[in-house]
Amino acid sequence: MASVHFLCAKCGWRLEAAAGEPEPSPCFHCAQPNGVAAPPAESMISSCAACACRELYFQKDFNRAAGIAMVALGAVFVPWTYCLSLVAVTIIDFALYRILKNVIVCYDCRAVHRGYPDNPAIKPFDLVLHDRHVYGAAPPGAEEGHVE
């Protein structure tokens with residue numbers, strides 16, 4: 001089911017707006033109205049539903065903490081499995097990469113758009129764009145690839 005997951009502007013509580021909901025519901029934690037309506041499920045996402053930012057990226061829909069825990073667990077068992085645990089983690093990681101769908105994430109508010117078709121105009125994560133949204137414009141000459 002298509003949905004948009006975002007943070008409440010007032011309290012930071014994680015909220016969800018499902019596609020097809022008649023009107024946005026207020027925050028469950030602080031009752032602040034949010035005004036975020038998820039686009040219809042077949043829509044091609046080109047801007048964030050939560051903040052209207054047009055700079056988006058895609059990534060696999062996988063919990064990062066679970067991925068790190070999986071690798072750490074494989075590393076812990078290395079002495080007893082003669083590195084076969086890392087091979088098993090690699091195989092599981094590859095299988096998950098092939099199976100899991102992409103989600104679209106906003107650089108500005110980090111809202112996650114799940115269940116929407118892939119937009120070829122949206123590129124993978126770009127650290128320079130991320131840093132511009134988090135830290136503002138870089139000082140002159142600090143951009144990647146600048147050589148004097």
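Which residues form one aromatic cluster? Tyr57, Tyr107 and Phe125 do.

## Basis of the model

This is a predicted model, in which local features need pLDDT of at least 70 and side-chain atom pairs count only at pLDDT 80 or more, while totals for chains, interfaces and linings use all residues. Residues are numbered from 1 along each chain as its sequence is written, and side-chain values use heavy atoms, with hydrogens and water left out.

## Aromatic pairs

Rings of Phe, Tyr and Trp (its six-membered ring) are paired if their centres lie within 6.5 Å; planes under 30 degrees apart are stacked, over 60 edge-to-face, and the rest tilted. By this rule there are 4 aromatic pairs. One of them joins Tyr57 and Phe125: the ring centres are 5.1 Å apart and the planes stand at 75°, so this pair is edge-to-face. Tyr57 belongs to strand S3 (residues 56-60), and Phe125 to the loop between strand S6 (123-124) and helix H4 (127-135), so the pair ties together parts that are 68 residues apart in sequence. Helices (H or I, at least four residues) and strands (E, at least two) are DSSP runs, numbered from the N terminus.

Accessibility is classed as buried under 20% relative accessible area, exposed over 50%, and partly exposed in between (1.4 Å probe, protein chains only). Tyr57 is buried at 8%, whereas Phe125 is partly exposed at 42%. Phe77 and Trp80 also form an edge-to-face pair, with 6.3 Å centre to centre and 65° between the planes. In this pair Phe77 is partly exposed at 41% and Trp80 is exposed at 64%.

## Charge over a ring

Lys60 lies over the face of Tyr97, 4.7 Å from the ring centre. The criterion is NZ of Lys or CZ of Arg within 6 Å of the ring centre and within 35 degrees of the ring normal.

## Helix H4

Gly136 follows H4 and has a positive phi, near 90°.

His130 lies within H4 and is buried, at 19% relative accessible area. Leaving aside residues up to four places away in sequence, His130 touches Tyr107, Arg110 and Phe125, where contact means heavy atoms within 4.5 Å. Tyr107 and Phe125 are also members of the aromatic cluster.

## Helix H1

Val76 is in helix H1 (residues 64-76) and is partly exposed, at 49%. Its C-alpha atom is separated by 9.4 Å from that of Leu86, 10 residues apart along the chain.
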